[in-house]
Amino acid sequence: MKNNKLIKMVYAAMFAAMIFVLTRFIQIPVASGYVHFGDALIYIVASTVGGPWALVAASLGAAIADLTSGFAIYAPATIIVKALIALPFVFVNKKSEKILTPLTALFTILSGAITVGGYFVADLIIDKAYAVVDIPGNVVQAVGSAVIFIVLAAAFDAAKLKKRLFSEK
């Protein structure tokens, strides 16, 4: 018998590490920060592992990237924003054997808006001068992450990875 809690914990740790790597080491500098593709992995973990484990992986991986990238001041906001961008995907996680569906593709837009809005609010609190300057970079990040998610999700679906790796049977 599988220990589903342990398996989900291991997947969450693995995804947190991958989110950290894609956020911390693949950075494209913009305005006052950087664009990364860690959010694409957040959408994947939320669509596969789901539940609170996906929220933990999303928040932890991204916050550690902030802490090690010289943007530690954003870590508290990142914890909240990354959990929020994962939520829409978590809600449909069990409903489909596929990761990429019309609904999950649409959720990239919702999650992108949460990213832009969340970091706008964070910038208003941290340093108002950057609130508007950061918007274009956050939009580029959201679009890039959506594209990467769609490509990865289509590849995972073609290999039937959600059913093979993340099925509770």
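Tutor: Thr108 touches Tyr43, Phe89, Ala146 and Phe149, leaving aside residues up to four places away in sequence; contact means heavy atoms within 4.5 Å. This is a predicted model, in which local features need pLDDT of at least 70, side-chain atom pairs count only at pLDDT 80 or more, and totals for chains, interfaces and linings use all residues. Residues are numbered from 1 along each chain as its sequence is written, and side-chain values use heavy atoms, with hydrogens and water left out.

Student: Why is Thr108 called buried?

Tutor: Buried means under 20% relative accessible area, exposed over 50%, and partly exposed in between (1.4 Å probe, protein chains only). Thr108 has 5% relative accessibility, and therefore counts as buried.

Student: What makes Ser69 buried?

Tutor: Its relative accessible area is 16%, so Ser69 is buried. Ser69 touches Arg24, Gln27 and Tyr34, again without residues up to four places away in sequence.

Student: What makes the pair of Ser69 and Gln27 side chains a polar contact?

Tutor: A polar contact is a pair of N or O atoms within 3.5 Å; within protein, one must be able to donate a hydrogen and the other to accept it, and residues adjacent in sequence count only if both atoms are side-chain atoms. The side chains of Ser69 and Gln27 make such a contact at 3.1 Å.

Student: Why is Lys160 called exposed?

Tutor: Lys160 has a relative accessible area of 54%, and is therefore exposed.

Student: What is the phi of Lys160?

Tutor: Lys160, although not a glycine, has a positive phi of about 55°. Most residues other than glycine have a negative phi.
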